[in-house]
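Take a look at the sequence and the model below. The text after them goes through a few residues one by one.

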Amino acid sequence: MARSPMASRHRWIYLGSVALLVAMLITGLLSFAQLHGTDRAAEKAKQLSAKLSAAGYPVPTQDQIVHTLGEDGGAVCADPAGALNQAQWTYGMSNGADGPGQRPVLSDREVVRAEAIVLSVYCPDRLAAVQDRIDDLDLRDTVRE
């Protein structure tokens, strides 16, 4: 029995419809996963806002926290106890001069404690290693309100 030209055309329509449905299914699943990640990031941002507020820090907006830290803490949790981050901390706790005029300063413990709060929300498993480094710093109450 010979196929009619219409049967061949219908076969391509069916195959095209199936391919389109599969593409829409994959797009929907990827969108759902991204939306779920955004919900998780918003929940962590809400936790961080509550902890920062309870500690007396000024709290950024939820959008700022979500865009900066995401759902995994971003750069803050990448290697918080590593040598590079330790060097950046030390550099940040200087007088701001460059070259031979740069000197370490006694930093305020409240400034350093804020990073510990962020770590406690986004990567609590790495907080202990960073807390050891914080305990080694010579910190004072230098910021007046």
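Start with Ser94, which sits in the loop that runs between helix 3 (83-92) and helix 4 (109-122). The model is a predicted one, and the values given here are computed from it. Is Ser94 buried or exposed? Its relative accessible area is 15%, and buried means under 20%, so Ser94 counts as buried.

Which residues does Ser94 touch, leaving aside those up to four places away in sequence? They are Gln102, Arg103, Pro104 and Val105. With Gln102 there is also a polar contact, made between the side chain of Ser94 and the side chain of Gln102 at 3.2 Å.

Now move to Asn85, a residue of helix 3. The relative accessibility of Asn85 is 19%. The cut-off for buried is under 20%, and therefore Asn85 is buried as well. When residues up to four places away in sequence are not counted, Asn85 touches Asp79 and Pro80.

The last topic is aromatic rings. How many aromatic pairs does the structure hold? The number is zero. A ring can still have a charged residue over it, and Trp12 is a case to look at: Arg11 lies over the face of Trp12, at 5.7 Å from the ring centre.

Key:
Residues are numbered from 1 along each chain as its sequence is written. This is a predicted model: local features need pLDDT of at least 70, side-chain atom pairs count only at pLDDT 80 or more; totals for chains, interfaces and linings use all residues. Side-chain values use heavy atoms; hydrogens and water are left out. Helices (H or I, at least four residues) and strands (E, at least two) are DSSP runs, numbered from the N terminus. Buried means under 20% relative accessible area, exposed over 50%, partly exposed in between (1.4 Å probe, protein chains only). A polar contact is a pair of N or O atoms within 3.5 Å; within protein, one must be able to donate a hydrogen and the other to accept it, and residues adjacent in sequence count only if both atoms are side-chain atoms. Contact means heavy atoms within 4.5 Å. Rings of Phe, Tyr and Trp (its six-membered ring) pair if their centres lie within 6.5 Å; planes under 30 degrees apart count as stacked, over 60 as edge-to-face and the rest as tilted. A charge sits over a ring if NZ of Lys or CZ of Arg is within 6 Å of the ring centre and within 35 degrees of the ring normal.
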